[in-house]
Amino acid sequence: MADLAAIFARFGAEPRFAAPIQTGQRNLPPLDAVELAFRGIFDRRYYANNGPLVQDSDRDIARFLGVNHAVCTTNEGAAMMTLLKGLELSGDVIVPALVPASTVAALRWAGLTPVICDVNEQSLDVTCDAVGSLLTEQTTAICGFHPWGQAHGIKALQTLADRHGLALLYDASQAFGCTHRGRMIGTFGIAEIFSFSASTVLNAAEGGCISTDDEQLAAKCRTIRSFSDSPVRVALRMNGKMSEAQAALALLNLEALPDTIGANRARYAAYDKGLADMPGVRLVAYNLEEQSHFSYVVIEIDDVHAELGRDAFFELLSAENVVCSRPFEYAAFQTVGNDCGAQDARLFPVAHRCAKRLLELPNGQIVSIADVERICELIRQIRHHSQEIGAALKEQS
Amino acid sequence: MPTKLDDLAIFGGAALFQTPRPLGQLFTPDVEDYLPLLREALGAQSLSGNGEIVRRLEGRLAEFHGVHHCVAVANACAALMMLMRVFAAGRKGEVVIPAFSYRGLPHLTQWAGQVPRFCEVDERTHVLDVRSLATAINEATTSVLVVTNFNGPGDLDGLCDIAASRGVPLLIDSVEAVGATYNGRPLGSFGRAEVFSLHATKLLNGFEGGYVTTNDLALAERLRRERDSGLNLNVKLNEIHAALGYLSLECFDTIVSRNRARFESYRAICARLPGLNLLPYIGPDPDRWNYRMAVAEVRTPWPISRDQTVSLMRAEGALMMPYYSPPLHHSVHAPAGCVVPSLPITEMLSSRFAQFPVGECVSLKDIEKIGDVLEFVRDNGHAISDRLQTTGV
């Protein structure tokens, strides 16, 4: 019988990490480059309102993605709301059960009704058949999502959308820099939106953008995101503008992207090695035939084979100062409905089941390979002692 | 100083200013003072989400405004949207707004699921008129949005009393009035909540940003939850913006004193220009006026119209702008199908005023030069007016 108190901080030992090590990329460009950029902003006294750096960001991000237009915004919520109004959508929009909560919030802010679609167990993404079964006369659009930058079945979904005269748009907030069948994500549907929050691979201190080839749509979105005079007629406008400060970071981090992805890939490989051959603990794999950012390191914990559930792993790791995240903790089905309650999770059994198994591990810029190895060792130890841990936790509760 | 009509840019002459002189505050602190805060923001390894600098800023702002709670967000528009939606409590109704005001307001009410109910303003204060408010409130009203102006806060007591007597929440957009007082207290503690901006063109520069002030604990907690939980719209203020906002707040008195010098300069100029009457500050406490804007009424005997004056000066690179024109109920910003009332005072006011270029990008020397051009217009009014007619301006 192992002495858990000697091994795990949860039961009394010293935490394995002296300071919290968190999830989220938090990528920063070199300090001197940032300072130089900000000196430029102060020299020009151009802080906001579609300044030179925002214009550069729009252009450089479009070029990177291989689309005609990128419209940068203050955050991904503003990007989605701007896009929805640019498309002049009304009625129902089908959305996967596993999406960021803010996606559903944006749909509601835009006056639309989210219709949630359960996901496929393997891909954690919706299937064409599942979406098709939910279509009604009120449906006007499908909002897809690429979990961790992994896309599936886009062609089939586009065909379905076209057949029924629906707009197909994507929340690509986790997918910057990823490809699907060799094509850059950002080029699919009528438009996609990206997030540049500090947790994503391209950090612009919040920030977001709309990516599209549609000239008219882009012109509408540019007008919607501010209240400046514009000849373009739109129904509704907001303040969704990205600032020069955010754009400065976006540009520097775009330049550094290959290095960032290289570092992510090295950490991911270390996790892959360190978590191998652990029954019940499976690292979610990236499709290596596609380009990816390798920014999300997510394990799926099967509580039967691991003999311990995801929440217990989370608890044990937290105590060691390894601060993990539970992806889709607030998934679509938990946020839609009236403001007081969520929809019944039993309506979305796959999403509900899968969400409970997922654990995101730290993979940020400041996480070293040595840190990764220590985290893997810790997980291995938890797995090794899973039965005793389970019993001890049960006793304590 | 122009000597003949052809010198004027609008008639083909060289523009007075090669680099246009704008209207926004564009406060620029010493970059050496900003960089340490920027380094701190970057070093914290968390650029967004309830960071340390945001919290410090909120604390200082709460002190500055004399309120218990300050919730900083991505921008003032988002703050207004959130508040109107909270007060609507799930209902689709109306928000009473002034028709002589900021073009964004009708849009923001719609984002909150409400329809704007345009309301008359007071002829002297340009703030929502108390008796008109009483008429505008009906069973569909979910909130009242008062806007306090750069030159004064209006009759806040009267407005709050009406709203309270009808059981309707009242919120205040005090973006342009920041720093002013009412009843001896700083703006920030009136109504259910007030909203301020940290946009670079406003008095406090935080790149983009906004904040809510309130003494209502439950409301403050609700806003924080909505902001931070990720369940609703992401309206967090990032650390980099907060850092500049913080520095700007430290420099508040300097900003105001520089504004005052520019305002006094325009005052001296307008005193020599019959028909260009600078709008005076009328808030109760002169020590607390922010001197943020210089707005002139254009009327006889000024020889050309308000819009012609604006066009003439804009051609020179002095970016004058009509003040709150067209009135919102007659503008493209009024939603299709909403009630378009007759608002004679608002409609009259919308035709009268123009803003002068102000802020950190406009020097006292620039203002003198603007004065020179305006004096030339004064002295050659008939000829200029005739020529403008001919050229169709």
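**Exercise 1. In what order do the strands of the open sheet of seven strands in chain A lie, and what is the sense of their pairing?**

Before the solution, a note on the model: this is a predicted model, in which local features need pLDDT of at least 70 and side-chain atom pairs count only at pLDDT 80 or more, while totals for chains, interfaces and linings use all residues. Residues are numbered from 1 along each chain as its sequence is written, chains are lettered from A and ligands numbered from 1 in the order in which they are written, and side-chain values use heavy atoms, with hydrogens and water left out.

*Solution.* Helices (H or I, at least four residues) and strands (E, at least two) are DSSP runs, numbered from the N terminus, and two strands pair if DSSP finds at least two bridges between them. On this basis the order in chain A is 2-10-9-6-5-3-4, with mixed pairing. Strand 2 (69-73) and strand 4 (113-117) of chain A stand at the edges with a single partner strand each, so one side of each has no neighbour in the sheet. Neighbouring strands of this sheet are turned against each other by 25° on average, direction ignored.

**Exercise 2. Describe how strand 3 and strand 4 of chain A pair, and find a helix that packs on the sheet.**

*Solution.* Strand 3 (residues 92-96) of chain A pairs with strand 4 of chain A in the parallel sense, over five bridges; within this pairing, A:Pro96 stands opposite A:Cys117 of strand 4. Helix 7 (residues 154-164) of chain A packs on the sheet, where contact means heavy atoms within 4.5 Å, and touches strand 5 (139-145) and strand 6 (167-171) of chain A. The direction of helix 7 makes about 145° with that of strand 6 of chain A; axes here are lines fitted to C-alpha atoms, for helices over the stretch in contact, and angles run from 0 to 180 degrees between N-to-C directions.

**Exercise 3. Work out the arrangement of the open sheet of three strands in chain A.**

*Solution.* The order is 11-12-14, with antiparallel pairing. Strand 11 (281-283) and strand 14 (358-361) of chain A are the edge strands, each pairing on one side only, and the twist averages 30° from one strand to the next. Strand 12 (residues 297-301) of chain A is joined to strand 14 of chain A by four bridges, and the bridge partner of A:Val298 in strand 14 is A:Glu360. Helix 10 (residues 257-274) of chain A lies across strand 11, strand 12 and strand 14, running at about 155° to strand 11 of chain A.

**Exercise 4. Characterise the interface of chain B and chain A, from its buried area to its salt bridges.**

*Solution.* The contact takes 50 residues from chain B and 45 residues from chain A. The buried area, meaning the accessible area (1.4 Å probe) that two parts lose on being put together, summed over both, is about 4,300 Å², of which carbon and sulfur atoms give 64%. Across this interface there are four salt bridges, each defined as a side-chain nitrogen of Lys or Arg within 4 Å of a carboxyl oxygen of Asp or Glu. One joins the side chains of A:Glu35 and B:Arg39 at 2.4 Å, N to O. In another salt bridge, between A:Lys241 and B:Glu208, the closest N and O atoms are 3.2 Å apart. A:Lys241 lies in the loop between helix 8 and helix 9 (244-255) of chain A and B:Glu208 in the loop between strand 8 (193-197) and strand 9 (210-214) of chain B, so the pair joins two chains.
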